[in-house]
Amino acid sequence: MLGGEPTDPALVGLIDALCDSDRPESITVWKRSATVHTLLRELGEETIPVTREGLDTVPGKTREHLRALLQHHRLLPQRDVYLRRFEQWITAKLDGLPDEVRQPVQHFATWHHATFPTNIFDDGDTGTSISLGAHLTDVSEPFASRVRVHLAARPDLRTGAGPESSWLFSSTLADRHLHPNSVMDRLRDLGINLLGARHRAIGELVLGCPPSLVAEILGYSTQVAFLHASKAAEPSAGYAGRSVRSP
């Protein structure tokens with residue numbers, strides 16, 4: 001399939017990873033695809049370099065699945081695929097605009113999205129933690145036990161990273177989180193009002209800390225944050241005289 005014995009260390013590592021899979025039937029089904037055959041042969045024959053730039057020249061989902069496997073097994077450098085797509089999209093959208101419009105938008109987009117942290121879990125000896133920002137947050141009972149039950153029964157792990165995946169909601173692609181649209185569709189199927197839930201959550205946040213801080217953390221405008229604070233009957237002037245009472 002690779003056109004002979006591979007010499008590239010990345011391809012050698014890929015073969016080892018596929019052979020070590022605990023579900024070989026899924027690997028066999030994947031390899032039956034003509035698109036997969038063509039891609040693997042071109043990689044083996046070095047028509048396409050086994051690099052991030054080389055894979056960028058190949059269209060389609062087959063490339064993304066292969067890239068995810070290579071990155072998960074540390075055979076390719078890590079790269080946030082969603083951030084890459086966003087960078088390409090924002091570049092195309094801003095192309096041709098005047099500098100006074102393009103530069104501030106590009107600066108904000110690059111800073112806000114490129115610095116947003118990822119979300120992972122850590123179920124270590126000291127307890128269960130979830131990264132919802134730059135730092136790990138401890139999860140207390142009874143929620144910690146529910147998280148552990150979910151971790152033990154996560155779907156789609158056999159097609160990619162396996163049970164060692166650090167994602168709380170894992171994707172069918174190796175070492176990637178579930179796409180936000182998949183979460184959105186699932187919640188809607190359960191009858192959850194996403195817009196109402198978001199507004200309620202923001203309303204609770206602006207009750208606990210200044211709206212300007214909430215706006216900065218979530219990427220909202222200060223006007224929107226103060227509007228939520230006003231609707232939550234917590235005008236900004238109330239923070240100066242606010243006191244905390246012991247129960």
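The legends below describe close-up views of a predicted model. Local features need pLDDT of at least 70 and side-chain atom pairs pLDDT 80 or more, while totals for chains, interfaces and linings use all residues. Residues are numbered from 1 along each chain as its sequence is written, and side-chain values use heavy atoms, leaving out hydrogens and water.

View 1. At the N-terminal end, Asn193 caps H10, with a side-chain oxygen 3.3 Å from the backbone nitrogen of Leu195.

**View 2. The buried face of H10.** Ile202, Gly203 and Val206 are buried, whereas Arg200 and Gly208, on the other side, are exposed (relative accessible area under 20% for buried, over 50% for exposed, partly exposed in between; 1.4 Å probe, protein chains only). The buried residues pack against helix H11 (211-218) and helix H12 (222-231).

**View 3. The crossing of H10 and H12.** The two axes, lines fitted to C-alpha atoms over the stretch in contact, come within 9 Å and cross at roughly 85 degrees. That makes H10 roughly perpendicular to H12 (65 to 115 degrees). His199, Ile202 and Val206 of H10 meet Ala225, His228 and Ala229 of H12, contact meaning heavy atoms within 4.5 Å.

**View 4. Arg67 in helix H5.** Arg67 lies in H5 (residues 61-72) and is buried, with a relative accessible area of 2%. Leaving out residues up to four places away in sequence, Arg67 touches Arg52, Leu55, Asp56, Leu76, Arg79 and Arg176.

Note on methods:
Helix = DSSP H or I, 4+ residues; strand = E, 2+ residues; numbered from the N terminus. Polar contact = N/O pair within 3.5 Å; in protein donor to acceptor, adjacent residues only side chain to side chain. Axes fitted to C-alpha atoms, helices over the stretch in contact; angles between N-to-C directions. Parallel < 35°, antiparallel > 145°, perpendicular 65-115°, else oblique.
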